[in-house]
Amino acid sequence: MGIALIWSIITILFRWIFSKRRGAISYDSSDQTALYIRMLGACVIFKQLFSRDVRVRSQVGFEPERRGSHPYLGVDFRTLHSRAESAGTIPARRIRRLFSFQRHLLSSRLLRGAPHLNPLHILDEDYCGQAKCMLEKVGSWNFDIFLFDRLTNGNSLVFLTFNLLNQYGLIELFQLDMVKLRRFLVLVQEDYHNQNPYHNAVHAADVTQAMHCYLREPKLAQSLTSFDILLGLLAAATHDLDHPGVNQPFLIKTNHYLAALYRNTSVLENHHWRSAVGLLRETELFSNLPAEDSLSIERQLGSLILATDISRQNEYLSRFRTHLDENDLCLGNASHRHFVLQMALKCADICNPCRPWELSKQWSEKVTEEFFHQGDIEKKYKLEISPLCDSEANTIASVQIGFMTYVVEPLFAEWARFSDTRLSQTMLGHLGLNKASWSAMEPEASGSSEEGESEPGRATDEPSSRVLSQGSQES
């Protein structure tokens, strides 16, 4: 009786622990139980870190970046896009805990010494089914990141990035500590504001998957080093880290401390970069590398993330076009490879209009929702409404047609010149079909756009100021 009681207590304890955690990594080792307990201990530490409103990073070397209330409007960016749950709905956190039962069963089998069949060393056993099948096709341009996020219980960024780092052999090559890497990825995912309709961890996972597709293109696959690939994936995963869900002009006109800190220049991108470096140092992910290499990773990571500032679109596009016109891009040159990585990340960041309609439409609705919500806040506080953020003057279709015409088409036309592959043609094909679909919903916009159409990518050299004045809203 005593043994049965003790076993029941242990079972209840593990059930509680597994209900609190969001997953663990399976390891191929003879001592599976010890490794799981090690990971559970790490997850308890993660929970303690997440409970803080402000993470103290005194050792990072950057000025601490406060989070929370806006000094001018009193807007809390952590709850900016949150919706009140109705009394009859079950909170998402509680639903997620329902998925923990299989993890409890797995731990029970491990404690009894029973081996589990067909282990997947990156995902837990309850993710081995459809999620594993999806990861086998992670290089497909039709990859449904929304479905993958549901199958991984809201952990798409963690599992996708981990899988890609492992697939490229970067974990072994750079001798990355598995627990440190897991901790870093979990912290990155948690630092995205999932209340944001668009700029959240799912967007980061989608950009990372797109970056993987570009890294596999023949020109890049034959030229990029492992260091380049590591930088590209990390930059994609962290490029919008801690995004507040509003754009740069909003931060500037409300005298936000970040705008003052970065002197109104690439405010959000600088913040994303500094936040990423803070997590790298906090987790000591690259502590095994020489100090010079770690600093080089931080600097080049910043260069990639800063390139996603859409207000500098013309600068990068003109430089890219000049290289292509003069045919002087040499991917044996490290600086040229880095520039191509910058352009790849820029493409990945705004590739939603180039996805199949079923995916592209969802992203369009989400980003426009975020635009309009910002406009509602600006109306509430009697501020000048940012372009494209007025729900009374704009529609989803009009916003998307303008964005595709002045920003997306010119960039992807030049990318297709650089990398004339099946993927590039597929993206341009989807872009044309998606634009036609939105135009059909906006007859007036369709008529006016047809009048000004000419050679793709050339007639729209200068993006509309209404689009680029968004600062970094789409990026």
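I take the expected span of a helix as 1.5 Å times one less than its number of residues. Helices (H or I, at least four residues) and strands (E, at least two) are DSSP runs, numbered from the N terminus.

**Entry 1: the model.** I note that this is a predicted model, in which local features need pLDDT of at least 70 and side-chain atom pairs count only at pLDDT 80 or more, while totals for chains, interfaces and linings use all residues. Residues are numbered from 1 along each chain as its sequence is written, and side-chain values use heavy atoms, with hydrogens and water left out.

Entry 2: I began with helix 9 (residues 178–191), whose 14 residues reach 20 Å from first C-alpha to last, close to the 20 Å expected at 1.5 Å a residue. For burial I use relative accessible area: buried is under 20%, exposed over 50%, and partly exposed in between (1.4 Å probe, protein chains only). Helix 9 is mostly covered, with 11 of its 14 residues buried. Among these buried residues are Arg 182, Arg 183, Gln 189 and Asp 191, along with Phe 184 and Leu 185.

I then turned to helix 15 (residues 267–283), where 17 residues should span 24 Å at 1.5 Å a residue; the end C-alpha atoms are 25 Å apart, which agrees. Helix 15 has 16 of its 17 residues buried, so it is largely enclosed by the rest of the structure. Glu 284 follows helix 15 and has a positive phi, near 55°.

For helix 19 (residues 357–380), the 24 residues should span 34 Å, and the end C-alpha atoms are 34 Å apart, in agreement. Just after helix 19, I find Lys 382 with a positive phi of about 55°.

**Entry 3: nonpolar cores.** I define a nonpolar core as a set of buried Ala, Val, Leu, Ile, Met, Phe, Trp, Tyr and Cys residues joined through side-chain atoms within 4.5 Å. The largest core has 102 residues, of which Trp 141, Phe 148, Tyr 214, Phe 286, Phe 412 and Trp 415 touch the most other members. Helix 20 (residues 396–418) supplies the largest share of this core, 11 residues. Apart from this core lies another, of 11 residues, among them Phe 250, Leu 251, Ala 259 and Leu 383. As background, nonpolar side chains in soluble globular proteins tend to be buried together.

**Entry 4: contacts of Trp 141.** Contact here means heavy atoms within 4.5 Å. Not counting residues up to four places away in sequence, Trp 141 touches residues including Tyr 214, Cys 351, Cys 354, Arg 355, Pro 356, Met 427 and His 430. I count a charge as sitting over a ring if NZ of Lys or CZ of Arg is within 6 Å of the ring centre and within 35 degrees of the ring normal. The charged end of Arg 355 sits over the ring of Trp 141, 4.0 Å from its centre.

**Entry 5: aromatic pairs.** Rings of Phe, Tyr and Trp (its six-membered ring) pair if their centres lie within 6.5 Å; planes under 30 degrees apart count as stacked, over 60 as edge-to-face and the rest as tilted. I count 10 aromatic pairs by this rule. Phe 320 and Phe 339 form an edge-to-face pair, at 6.0 Å centre to centre and 65° between the planes. This pair links distant parts of the chain, with Phe 320 in helix 17 (residues 313–326) and Phe 339 in helix 18 (residues 334–349), 19 residues apart. Phe 320 and Phe 339 are both buried.

Trp 415 and Phe 418 form a tilted pair, at 5.2 Å centre to centre and 55° between the planes. Both lie in helix 20, three residues apart, about one turn of the helix. Trp 415 is buried at 1% relative accessibility, and Phe 418 is buried at 4%. I find Trp 141, Tyr 214, Phe 320, Phe 339, Trp 415 and Phe 418 in one aromatic cluster.

**Entry 6: cysteines.** I searched the whole structure for disulfides (cysteine sulfur atoms within 2.5 Å) and found zero. The sulfur of Cys 354 is 6.8 Å from the closest cysteine sulfur, in Cys 351, too far for a bond. Cys 354 is buried, at 0% relative accessibility.
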